[in-house]
Amino acid sequence: MYQLKIDDKEIEVPEGTTVLKAAGMAGVEIPTLCDHPALEPYGGCRLCLVEIEGARTLQPACTLPVSDKMVIKTQTEKVKNARKFILSMIFSERNHFCPYCQVSGSDCELQNAAYGEGMTHWPIQPNWQPYPVDASHPYFVLEHNRCILCRRCVRACAELVGNFTLGMEERGANTLLVADLGVPLGSSSCISCGVCVQICPTGALIDRWSAYRGQEKDVSSTKTICLGCSIGCGIEVLHRDNNLIKINGDWDAEINGGVLCDVGRFIPMDEKRNRLATPMIRKDGGLKAATWDEALSVVMENFKPFINKKENGIAAIASTRLPADVLYYYKQVFEEILGSNMVTSTEEGRYTEVLSEFAEDKGPFEVKLSEIQKADTIMTIGLDLTKDHQVAGFFIKRLIPEGTKVIPVSYESSGMDAFTHHSMIIERNEDLAFIQALDAAITGLDCSQFSEKSGVSSQEITEIANLLDRSQNLVIVYGTDFNTKQKKETVQSLLKLAKKLNAKLISPKGKANSLVAEQLKLNKSFNVNGHKAAYVALGDEDPSQAIIKKLENISFLVVQASYHSALTAKADVVLPVTNWLEQSGYYITCDGHVQLANKSLQSPVDVKTNKEVVLAIADQLKIIVNPVWDKAVKLEKSVVEIE
Amino acid sequence: MSKPKVATDWMAGCAGCHMSLLDIDERILQVLELIDLRASPITDLKEADESGVVVGVLEGGINNTANEHQAKLMRSRCKILVALGDCAVFGGVPAMRNFFTIEESLRRAYIETESTVDGFIPTDPELAVPTRVRAVSEVVPVDIHVPGCPPSADVIFHVLSELAQGRIPEIKDENLHWH
Ligand code: SF4
Ligand code: SF4
Ligand code: SF4
Ligand code: SF4
Ligand code: FES
């Protein structure tokens, strides 16, 4: 521990702490611009200069590590003048006429810094050089005239996302932020994660959707989680007058530390589906608005003859985006009370069922996502992390510059290929042969028979096998996009290989409550067979073509949904429910974290939460459901430890 | 004690800062009890007294030779010069044209605008000559900068009442906005 004095405060901090962090601990505020807690210290803007007793010149607090007995002064005339000078230089470089800037008023760190120094004017006028505006990106605009070249975006794109799209071109006053080798952002390698937009301290990166719709001081914010997939990234939902304004990554969230993918940040902003606002009943061939009482009694009337009819009763299917308690109530109502043998989820166990079969005798065999960051070698197979569960892909990509070897295995080239030399393109559906080839090579056997089948040369197999074998901390991130005929066998041989290599396993599974659905055994493949009625608890999910088709000839169809769809159009009763932003409930991530999703928006008046609807049905049946969902979820052994 | 004389004028601005001055509503009476408002675009007298005033207030940037003259005249006749609003302080919205040449701006304004028919750029020698848009402080020394687009009525009231009571107003915290 080091003893320091910062202004008049004495404090003890651990070795290696920067002056900026030490000041933070002492409650002394030092203004910064290029620094951001989520990024490595950079020391570019010099706004954080402080006086250190004994040092000849002012020193940047963000990069300077403390030394014992250091005396730091942050409020001297010299420091204050330096800050004003630095701000004046920044203002003079480009166009900072605030009245027509998107972030002016509370969201601009540069303006706030100037206010903090009591600057009423600029001592130096700007040089009036116009810079271009890049409006080629679908989700945001790059306004070079407001850019202060702090490189926060560049560093975020590299350090947090591992995408390396952004960089700087030229030098001095001509320095320009560029995408790739100077192409428009919209045609660059950018994957639209938007982390750069969130981290930009000025109005240089402008989110198209939220621009001019209210600043931090005008909007309310709710911390919750993204329901885009089972990674469970923490988000902040900004809203104003019950309108969704913006989704930001939650910098404090343990799982994602602030980064999001486009599915979490931008896609929900562009909701184009039509909302269901009132219950509807089919009458004379068309759907007519009804009251909740009417709708529920029609449901009951038509369900009654089929209660307890097992395979000739009521088939039910629920979205894996629904909260855990709702899924448990739903299971009780349809399986236990209505006695159906076809109660499942929209995922039909696709990403989880084979895995849990192994958990039954092995117990949990997967690890937490956070293990990725400790890996020196990572293999991915049976999935494409540049398409789904993208943030897990970021965790992997960003390790590559530090020397982590990444081996993505896929049937065709993927977004990962540009970042690693070890991509493996294998024959379609031949993952099993590929794994067997690796296994043989590691065991010192001839792998040529398998390698040939997998479409990879035995030399390449040997190279990869060596890489895996040599690794000290191997993580295999796997999905189940394997040959359907050999799914179980493939997973089995992968587990065997992992055991041999002492590898850690992670599977990101499917949608937000994929694991809960699996634990509740809502994992059957959906078939109507002899069932006469069907209940689809779709929530805000889009119905798949396959499910619409399977339900084509059902005689009585109830759909519980937030939006109009091809399925609601066919329904006999439509029950309108809240979407993900309008309800709260529990979710369990792919790696077993239990998280609460909080309600951010009010729902339309005649819309009920998914929970209310399932409970209303239980009520009609005069039964009380067991509310202890967490126990039910832990009843069966799971592939990963559930908190 | 006699009330301090105050004169105001506007240049390359939109009159918004003077509107904001009027926005202080009935407090204008309080202000008038404290100061002696002489020349201003909203009173009959148009030029600050030759004998001088205590406070001169300028709205707008300086975008031609006439503005230059106005600013110099005000400076020469007042003890304390206040630059009121973003245009006076920074150049403001009119300074957007500095990113183009004067020739380009004139052509855009007098010939190319969608509503113009048979446009031409006026050349009457009586007219002031356009220049780059400058902050007041680029032409004459300014004592007090009051940024804001426009500064709110509260800020203006704060500035005037402080000056009237012989204090130099501090513009900070809640009163400091560049908008
Ligand atoms: S980026 Fe900040 S300082 Fe620059 S114009 Fe916008 S609000 Fe003003
Ligand atoms: S959106 Fe993401 S990938 Fe695209 S430039 Fe920004 S940080 Fe990089
Ligand atoms: S775009 Fe924003 S984050 Fe990137 S360098 Fe410019 S000011 Fe910094
Ligand atoms: S990775 Fe999944 S949870 Fe995270 S932001 Fe993307 S869709 Fe949402
Ligand atoms: S914040 Fe320290 S140099 Fe930029």
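The shell around ligand 2 holds seven nonpolar and four polar residues, and no charged ones. This is a predicted model. Work through the exercises in order.

**Exercise 1.** Find which residues surround ligand 2, and sort them by class.

*Solution.* 
- Step 1. List the neighbours. A residue counts if one of its heavy atoms lies within 4 Å. The shell is F140(A), C157(A), N163(A), T165(A), L166(A), C190(A), I191(A), S192(A), C193(A), G194(A) and C196(A).
- Step 2. Pick out the nonpolar residues. Cys counts as nonpolar, so C157(A), C190(A), C193(A) and C196(A) go here. F140(A), L166(A) and I191(A) join them.
- Step 3. Pick out the polar residues.
- Step 4. Check the totals: seven nonpolar, four polar, no charged.

**Exercise 2.** In which cavity does ligand 2 sit? Describe the lining of that cavity.

*Solution.* 
- Step 1. Ligand 2 sits in the second largest cavity.
- Step 2. Give the volume. The second largest cavity has about 100 Å³.
- Step 3. Look at the lining. It has 13 residues, and nearest the centre are C157(A), T165(A), C190(A), C193(A) and C196(A).
- Step 4. Name the helices. At least two lining residues come from each of helix 4 (152-160) and helix 5 (195-199) of chain A.
- Step 5. Sort the lining by class. Eleven residues are nonpolar, two are polar and none is charged.

**Exercise 3.** How many cavities of 30 Å³ or more does the whole structure have? Describe the largest one.

*Solution.* 
- Step 1. Count them. The search finds six.
- Step 2. Take the largest. Its space is about 150 Å³.
- Step 3. Find the residues at its centre.
- Step 4. Name the elements. Strand 1 (5-10), helix 1 (16-22), helix 2 (27-34), strand 5 (78-84) and helix 6 (153-164) of chain B each give two or more residues.
- Step 5. Sort by class. The lining has 13 nonpolar residues, two polar and no charged.

**Exercise 4.** In what order do the three strands of the open sheet in chain A lie, and which are the edge strands?

*Solution.* 
- Step 1. Read the order: 6-7-10, with antiparallel pairing.
- Step 2. Find the edges. Strand 6 (133-134) and strand 10 (205-207) of chain A each pair on one side only.
- Step 3. Look at one pair. Strand 6 and strand 7 (residues 140-143) of chain A are joined over two bridges.
- Step 4. Name one bridge. V133(A) has E143(A), in strand 7 of chain A, as its partner.

Technical notes
Residues are numbered from 1 along each chain as its sequence is written. Chains are lettered from A and ligands numbered from 1 in the order in which they are written. This is a predicted model: local features need pLDDT of at least 70, side-chain atom pairs count only at pLDDT 80 or more; totals for chains, interfaces and linings use all residues. Side-chain values use heavy atoms; hydrogens and water are left out. On a 1 Å grid over the protein atoms alone, a cavity is a set of points where a 1.4 Å probe fits but cannot get out, and a pocket is an open set with protein on both sides within 12 Å along at least five of seven lines; lining residues have an atom within 4 Å of a point. A molecule sits in a cavity or pocket if more than half of its atoms lie within 2 Å of its grid points. Two strands pair if DSSP finds at least two bridges between them. Helices (H or I, at least four residues) and strands (E, at least two) are DSSP runs, numbered from the N terminus. Grid points are joined across faces, edges and corners, and a volume is the space filled by probe spheres set on the points.
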